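Please read them alongside the sequence and the coordinates.

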Amino acid sequence: MATAEKAIWFQSSREQLDALLLEVCDGLQLRPSRHELAVERYGTVNEVLEKAGSPFRFLRPRIFPQGSMALGTTCKPVEGPHDLDFVLQIDAPHWRWHPLAGLSALYEFLSSNVTYRKMISLKNRVVRLTYADEFYMDILPAYTDLSSGGTCILVPDRARVSLCPSNPEGFILWFRNRCLTRTRRVMEKAKPVPAQEAVHEKEPLQLAVQLLKRWRDLAFAEECLAPISVVLTTLAGMYYAGEDSVSEALTTILAGIVNAIALEDLQGKRIVVRNPSNLLEDFGERWDANPQAYNAFKAGIRRLQKEWAVIVAGGRETDKELERLFGEYVRTALVKRAQRLQEARKAGALTVGSTGAITGLASGVARIRPNVFHGDE
Amino acid sequence: MQQDQFVRSRFPHFRRTTNRGDRIKWRGTLQPSPRSDLYDVEIAYEIPCRPHIQVVTPRLTTWGDLKRQPHTFRDGSLCVHQAHEWHGNKLIAETIIPWTCLWLAFYETWLETGCWLGEGTHPDLPEHSPFGEIVGAAA
């Protein structure tokens with residue numbers, strides 16, 4: 001588990017790298033003010049869907065967040081709006097209706113609302129509300145899947161004109177368990193957006209997923225070639241082996257993914273990324289229609305594994321490599337660390353060890369006395 | 001010589017390479033953090049001059065278009081103190097070497113960001129500007 005204190009000196013290369021990555025993830029995740037705004041938006045839409053006049057009112061609607069907000073893996077987009085994902089689940093005899101009836105009803109109902117009329121659009125599976133303050137809210141209408149049971153649902157797909165199996169709640173539970181972390185209390189009806197964890201409260205798996213998503217956002221210039229978040233999240237969860245360190249977690253995850261790809265390559269197949277909580281759902285199915293994207297993913301993840309190994313080794317230029325992979329938050333984290341170093345120096349709290357390592361007071365061979373760097377102009 | 005005794009006892013990776021009366025030279029490695037490079041440093045001390053500090057390897061590089069690192073002399077050696085902050089009665093092991101480690105730590109951040117965060121003289125030089133002014137703070 002990451003610590004709340006931001007260290008200046010470190011016992012090992014792994015500890016130093018983990019501290020840097022933690023600070024990068026702090027920059028990546030949704031700001032508390034944005035999170036609060038998301039909660040407010042969720043609450044408002046929830047009220048509209050449950051009030052008189054809503055076609056869903058008597059269908060025992062359950063509204064819950066899915067995706068990065070539910071998983072604790074939010075990652076600021078490089079550009080463009082941040083997306084909030086919700087499921088509107090209803091108990092209804094879907095077999096009596098057209099597969100896209102629920103999606104159409106949701107779209108038409110929200111379009112009739114004065115507030116949402118101008119911000120609404122229809123996507124393949126969701127109704128999207130685009131907020132001027134740079135949010136997308138994607139609402140996925142879904143039916144309880146009685147034949148599969150549990151938390152399985154059926155979701156509409158316009159391209160296929162059919163309902164497809166899914167299980168976002170089950171996925172969230174699976175991921176949280178893979179993190180070996182505490183679960184959150186679940187409300188009976190509408191589920192609130194989970195309180196945002198501070199980055200030092202996050203598990204290594206969550207941090208690793210944030211970093212993988214950030215890598216994806218920077219490495220794939222064409223969005224159509226980029227692996228989708230649920231693929232990265234599922235693969236990370238599958239191959240995470242319980243490491244306490246985010247850097248070690250990434251090493252293990254990348255090895256798992258690259259090995260899995262290699263095994264399937266031998267048979268001329270792509271990796272299958274099944275929803276662990278609903279094996280009928282294959283998150284990688286988009287690759288079948290877009291083999292170029294799968295090839296780009298393979299090349300990208302293999303390259304990332306090699307570059308990551310160099311970074312883990314430490315030394316010259318690795319901070320530049322880190323910045324290339326994860327962006328400007330690396331630079332910000334390095335500056336913040338140097339600023340803390342300077343503050344500790346001014347407080348007379350620094351010593352050096354016998355190898356020249358800068359440490360705290362108790363363990364060094366010499367205290368760093370006050371000085372002023374000088375030199376020729 | 002007392003200076004030699006303290007340098008080699010406090011920093012075992014340093015060895016004496018020259019000892020001629022009032023001139024002594026050491027060579028050793030310093031690594032300010034676990035992920036830092038291992039810097040091979042030579043310190044030459046000739047009474048009554050200030051110690052001369054040179055990073056032998058890796059070759060120090062510069063940021064952007066700058067031709068030199070901050071707080072160095074024209075010959076590329078490091079300047080880790082003002083003249084009045086050191087004299088021959090002060091132990092090199094308790095001053096020069098720790099200050100060199102600190103210089104290296106700030107050098108590494110400067111190399112990545114262009115900003116020298118260890119302060120120093122000549123505050124009007126651009127590398128002393130706040131981070132946000134140089135590279136644009138991240139949101």
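1. In this predicted model, the two domains of chain A meet through 24 residues of domain 1 of chain A and 24 residues of domain 2 of chain A. On the domain 1 side, α6 (204-219), α7 (229-239) and β9 (278-282) of chain A each supply at least two of the residues that touch domain 2 of chain A. The largest share of that side comes from α6(A), with 8 residues. By class, the residues on this side of domain 1 of chain A are 7 nonpolar, 10 polar and 7 charged.

2. The domains themselves are given by the domain assignment of chain A as domain 1 (1-29 + 197-346) and domain 2 (30-195). Domain 1 of chain A is therefore written as two segments, with domain 2 of chain A falling between them in residue number. The C-alpha centres of domain 1 of chain A and domain 2 of chain A are 27 Å apart.

3. The largest nonpolar core has 125 residues, and the members that touch the most other members are A:F86, A:L88, A:A208 and A:A236. The element that gives the most to this core is in chain B: helix α2 (residues 96-113) of chain B, with 11 residues. Why can the core be placed between the two domains of chain A? Domain 1 (1-29 + 197-346) and domain 2 (30-195) of chain A both give residues to it, so it lies between them.

4. For A:L88, the contacts can be listed once residues up to four places away in sequence are left out. The partners of A:L88 are then A:L49, A:F56, A:P61, A:I63, A:L106, A:I139, A:L140, A:P141 and A:A142.

5. Chain A as a whole has 12 helices and 12 strands. Its C-alpha atoms fill a box of roughly 80 × 50 × 40 Å along the principal axes. Of the 377 residues of chain A, 42% count as buried. Among the contacts in chain A between residues at least 6 apart in sequence, 62% join residues at least 24 apart.

6. The contact between the chains takes 40 residues from chain A and 46 residues from chain B. On the chain A side, the elements that give two or more residues are α1 (13-28), α11 (318-326) and α12 (328-346) of chain A. Helix α12(A) provides the largest share of the side that touches chain B, at 11 residues. That side of chain A is made up of 15 nonpolar, 16 polar and 9 charged residues.

7. In chain B, is strand β1 (residues 15-20) well covered or hardly covered? Strand β1 of chain B is hardly covered, with 0 buried residues among its 6. It pairs with strand β2 (residues 23-30) of chain B in the antiparallel sense, over 5 bridges. Within this pair, B:R16 stands opposite B:W26 in β2(B). β1(B) and β2(B) form a hairpin with 2 residues between them, and B:G21 in the turn has a positive phi of about 60 degrees.

Definitions and conventions:
Residues are numbered from 1 along each chain as its sequence is written. Chains are lettered from A and ligands numbered from 1 in the order in which they are written. This is a predicted model: local features need pLDDT of at least 70, side-chain atom pairs count only at pLDDT 80 or more; totals for chains, interfaces and linings use all residues. Two residues are in contact if their C-beta atoms, placed from the backbone, lie within 7 Å. Helices (H or I, at least four residues) and strands (E, at least two) are DSSP runs, numbered from the N terminus. Ala, Val, Leu, Ile, Met, Phe, Trp, Tyr, Cys and Pro count as nonpolar, Asp, Glu, Lys and Arg as charged, and the others, Gly among them, as polar. A nonpolar core is a set of buried Ala, Val, Leu, Ile, Met, Phe, Trp, Tyr and Cys residues joined through C-beta atoms within 7 Å. A residue is buried if 20 or more other C-beta atoms lie within 10 Å of its own, exposed if 12 or fewer, and partly exposed in between; C-beta atoms are placed from the backbone. Two strands pair if DSSP finds at least two bridges between them.
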